[in-house]
Amino acid sequence: MERVFKYRSKISPLGGLAAKLTAESLRLQAPPHTGVQIYQNFWILPHEGIYWADLAWLCFGASLSGESISSMHPEGMYIKIHSLTYAIADYRPEVAAVAMDGWLRDEFGLPDNGVRCDYNPDLSGYTFHWGGRKPLSDDC
């Protein structure tokens, strides 16, 4: 069943960041012909035409819980992405990772792992926190 997760950062002088992720989790019958392998038998199947940066950040967000989900579902699991929408004026592709993390926590009852976004007035911008992990690296 599709689940919607709406992310909204705290309001800032810049307006705030927001994203709406619609996806569903499905048991893996066989390795998919398309998609991105996140961890062992855990995959992401993106919707057609997804922007490459959004997909990269969705995958990073999924990788933060990849080991946990694989151990919960050793038979295999994939997340089918139906849509990722956001306000174009407040767009930062990293928000896709924060939204994916929130979606997975809701879907699988996972604990908070420290992923968040804060407005940093000293930088006049946003700071992302990845729970001690390095984004888009093999050190996840």
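Phe42 stands opposite Met77 in strand E5. Arg27 also stands opposite Met77 in E5. The model is predicted. It holds an open sheet of five strands and a nonpolar core of 37 residues, the largest one.

**The sheet**

- The strand order is E1-E2-E5-E4-E3, and the pairing is mixed.
- The edge strands are E1 and E3, the latter spanning 36–39. Each of these edge strands pairs on one side only.
- From one strand to the next, the twist averages 30°.
- Strands of a sheet pair through backbone hydrogen bonds, and the pairing can be parallel or antiparallel.
- E2 and E5 pair in the antiparallel sense, over nine bridges.
- E4 and E5 pair in the parallel sense, over four bridges.

**The helix across the sheet**

- Helix H1 lies across E2, E3, E4 and E5.
- H1 runs at about 25° to E3.

**The nonpolar core**

- In soluble globular proteins, nonpolar side chains tend to be buried together.
- In the largest nonpolar core here, the residues with the most contacts inside it are Ile44, Ile79, Met100, Leu104 and Trp130.
- Several strands each supply at least two residues of this core: E1 (3–8), E2 (18–27), E4 (42–45), E5 (77–86), E6 (115–120) and E7 (125–130).
- Helices H1 (52–63) and H3 (95–108) also each supply at least two.
- H3 gives the most to this core, with nine residues.

**Around Ile79**

**Around Arg8**

- Arg8 lies in strand E1.
- Arg8 counts as partly exposed because its relative accessibility is 48%, and partly exposed covers values between the 20% limit for buried and the 50% limit for exposed.
- Not counting residues up to four places away in sequence, Arg8 touches Gly15, Gly16, Leu17 and Ala18.
- Arg8 and Val95 are 87 residues apart in sequence. In space, they are 9.2 Å apart, C-alpha to C-alpha.

Terms used:
Residues numbered from 1 in each chain as written. Predicted model: local features only at pLDDT ≥ 70, side-chain atom pairs only at ≥ 80, totals over all residues. Heavy atoms only, no water. Core = buried A, V, L, I, M, F, W, Y, C linked by side-chain atoms within 4.5 Å. Buried < 20%, exposed > 50% of the residue type's maximum accessible area, 1.4 Å probe, protein only. Contact = heavy atoms within 4.5 Å. Pairing = 2+ DSSP bridges. Axes fitted to C-alpha atoms, helices over the stretch in contact; angles between N-to-C directions.
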